[in-house]
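Thanks for coming. I will take one model today, go through its chains and their contacts, and then stop at two residues.

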Amino acid sequence: MLILAARRFVSMALIMVVISFTLFAIFESDKLAVAGKVLGPYSNTEQRELWLEQNGYNEPFVERYFTWVFNAMRGDFGDSIQFKAPVADIMWPRLGNTAILAGLYMLFMIPLSLTLGVIAGMKEGSFQDRAVSVGSVLTTSVPEFASATFFTAVFVFALGWFPGTAAMTDGFSWAEIFLPVLVLVMYGFGYTARMTRASMAEVMTSHYIRTAVLKGIPYRRVIMKHALRNALIAPFTVIILQLNWLLSGVIVVEVFFAYKGFGKLLLDGALFGDIYVIEACTLVAVFVAVFSQFISDIGYTLLNPRIRFT
Amino acid sequence: MTAETQNNDTTPSALGKFFTSVGLLRESPIAIFGLSLILFWVILAILAPILPLYDPNAPLEPFKFPLDGSAKNDGLYWLGTDHKGRDILSRVIFGAQQVLVWATTATAVAYIVGMLMGVVAGYLGGWWDEVISFISNILLSFPVIVLYIIIITYLGATGFNIVLAVTFASAPGIMRIVRGLVLDLRTRDYIFAAQTRGESPLYIMIVELLPNARGPLIVDACLRLGYTTITIAMLGYLGLGLPPPDPDWGKMIAETQPLGSFAGHMAVVPAVAISSLVLGFNLLADGLREISMKD
């Protein structure tokens, strides 16, 4: 087990190195462009070169890369051009806000999709199976910006139950975060539900379930004790790996509801050309994605009783 | 260059079989419903230039509600007009053209690249496999939206760059599927037969392997078409999409969303449009999977 974890860890580190180097090469190989972004479009070449000299940009490329990585690991990502403040001071609170959003999403999505998936997979081809399958196709076909439009039309403009934005200007508000989470859950639960359904349906056809039923064990007990444990291994991986594309939905929702989160910061940085914000955000996003892959690999091998370590 | 003809790009050298499988669709009502949704938009998009529509970019009268008959030129705004007075029906239909053309082009290019990578990695193996798999793993480590943002902000928001970004994001996933299929297929007798005949690896990969891997790929291509449609509209929504003024479903939502309190239809119409098109692709994929499971 430790060997496997170590091997995964090494490959994770290798991927991070390659990605960070690529990112650095994309964003900072053209030094004058960096200076141009920092000093603004009206700076002349002399000013830009002076700035490059003062900020250590005339070192060899590889050396600059190592300084950059070292600083990033200490949490120093440079100063944001747009906000005129250290990127770290802006990014971490934003990441916290997004973590709240993603956490609430997971909190509702996981029980909902697992329950629906298990109910559907228990009896393949039954009415509840068809209903869950069709329902999840329907909801996964409505992208976040579309469902957000529908929900605001109904709940904000027609019924007036919730506010249409989630800017949280007066501190955290449950009413404001309700719609963003609802939008994310609507789009996201279908995929996990379908995976759970497939996994459950497969388990239900296996011999040990048939044996358990034939032995006369009550059906409820067969499901709870025998089927669930094996059926939930695959969904676990799916849920963790969702973090990877959850970010797309999170960005859309944060833009739609004006929620001050990490995704909106990344998008604003990209649209503004705020180079250090883009670098820091992409680095953090990729790290979270790679780390979640690591966790899902390790978790899968731990959960799956068929994989044994000797 | 219609969207319909490009649809076939994902199944090269299998045109005849493609049509037989269309005949098979009769077995699945879900697939037929999905296909009709897609065809509805495809036909509207093709007919757009000859339909009696207003110019999608012409400012007429702002903030007309659907079926408002009070247009000054005796016309009728079936779906109303937007904040700039442009006819929403016309913008939705011309937007369908945009999204269908770019989604199919992007998916087709991603498929060609992904299939080539997958068949090379799976059939030649060795270093080819190592290198291609490593590159794919790196690309798959990125959250897709980060790839899109980096590529599009760095290279600019043009149709070509959107195709490029979709290819970067999708090709690794396609490569993994194709590689898995090829690893299984390469041990079949007909491959040995071709090798014994002295066929070149290129011939075996293109003529023998890829056509035989098409089953699961068609289902996956349908799902990806739906997903790419979402992606293109999402990029439009986030301000990273195709440049104005041509209508784009995502941008239509983004532009009119703040005005939703008194003219909600302006954003709801494109939202319904995109959802129905994506639903079509997803249902078709579902139906096709069901049919292929029966055999």
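What pattern does chain A follow, read along the sequence? Chain A runs α-α-α-α-α-α-α-α-α-α-α-α-α, with 13 helices and 0 strands. Helices here are DSSP runs of H or I of at least four residues, strands are runs of E of at least two, and both are numbered from the N terminus.

Some housekeeping. This is a predicted model, in which local features need pLDDT of at least 70 and side-chain atom pairs count only at pLDDT 80 or more, while totals for chains, interfaces and linings use all residues. Residues are numbered from 1 along each chain as its sequence is written, and chains are lettered from A and ligands numbered from 1 in the order in which they are written.

Confidence next. The ipTM of the complex is 0.84 and the pTM is 0.85, as given by the predictor. By pLDDT, the predictor's confidence in each residue from 0 to 100, chain A has a mean of 84, with 98% of its residues at 70 or more. Within chain A, the lowest confidence is in helix α2, residues 31–39, at a mean of 76. The highest is in helix α5, residues 87–122, at 89. Chain B averages 82, and 84% of its residues score at least 70. Residues 1–13 of chain B stay under 50, and the model has 22 contacts for them beyond four places in sequence. Where pLDDT is low, the predicted coordinates should not be read in detail.

Now the overall build. Along the principal axes, the C-alpha atoms of chain A fill a box of roughly 85 × 60 × 30 Å. Chain A has 310 residues, of which 37% are buried. Buried means that 20 or more other C-beta atoms lie within 10 Å of the residue's own; exposed means 12 or fewer, partly exposed lies in between, and C-beta atoms are placed from the backbone. In chain B, 47% of the 295 residues are buried. Chain B has 12 helices and 0 strands. For contacts, the criterion is C-beta atoms, placed from the backbone, within 7 Å. Of the contacts in chain A with a separation of 6 or more, 72% are between residues 24 or more positions apart. In chain B, 72% of contacts between residues at least 6 apart join residues at least 24 apart.

How many residues of chain A are in contact with chain B? There are 35, and they meet 35 residues of chain B. On the chain A side, the elements giving two or more residues are α1 (2–28), α6 (127–140), α7 (144–158), α11 (233–256), α12 and α13. Helix α11(A) gives the largest share, 8 residues. By type, that side has 27 nonpolar, 8 polar and no charged residues. Nonpolar here covers Ala, Val, Leu, Ile, Met, Phe, Trp, Tyr, Cys and Pro; charged covers Asp, Glu, Lys and Arg; the others, Gly among them, are polar.

Two helix pairs inside chain A. The axes of α11(A) and α13(A) come within 9 Å and cross at roughly 180 degrees. Axes are lines fitted to C-alpha atoms, for helices over the stretch in contact, and angles run from 0 to 180 degrees between N-to-C directions. α11(A) is therefore roughly antiparallel to α13(A); the cut-offs are under 35 degrees for roughly parallel, over 145 for roughly antiparallel, 65 to 115 for roughly perpendicular, and oblique for the rest. The contact includes A:F236 and A:L247 of α11(A), and A:V288 and A:Y300 of α13(A). Its residues divide into 12 nonpolar, 6 polar and no charged.

The second pair is α12(A), residues 262–272, and α13(A), residues 275–303, which pack at about 140 degrees with their axes 8 Å apart. α12(A) is therefore oblique to α13(A). A:F262, A:L265, A:L266, A:G269 and A:A270 of α12(A) make the contact with A:V277, A:I278 and A:C281 of α13(A). The count is 7 nonpolar, 1 polar and no charged.

Last, two residues of chain B. B:I232 lies in helix α10, residues 214–238. B:I232 counts as buried because 28 other C-beta atoms lie within 10 Å. Beyond four places in sequence, B:I232 is in contact with B:V99, B:W102, B:A103, B:I162 and B:G241. B:W102 is 130 residues away along the chain, with a C-alpha separation of 7.8 Å.

B:A169 is in helix α7 of chain B, residues 159–185. Why is B:A169 buried? Because 25 other C-beta atoms lie within 10 Å. Not counting residues up to four places away, B:A169 touches B:V144, B:L147 and B:Y148.

Definitions and conventions:
Contact = placed C-beta atoms within 7 Å.
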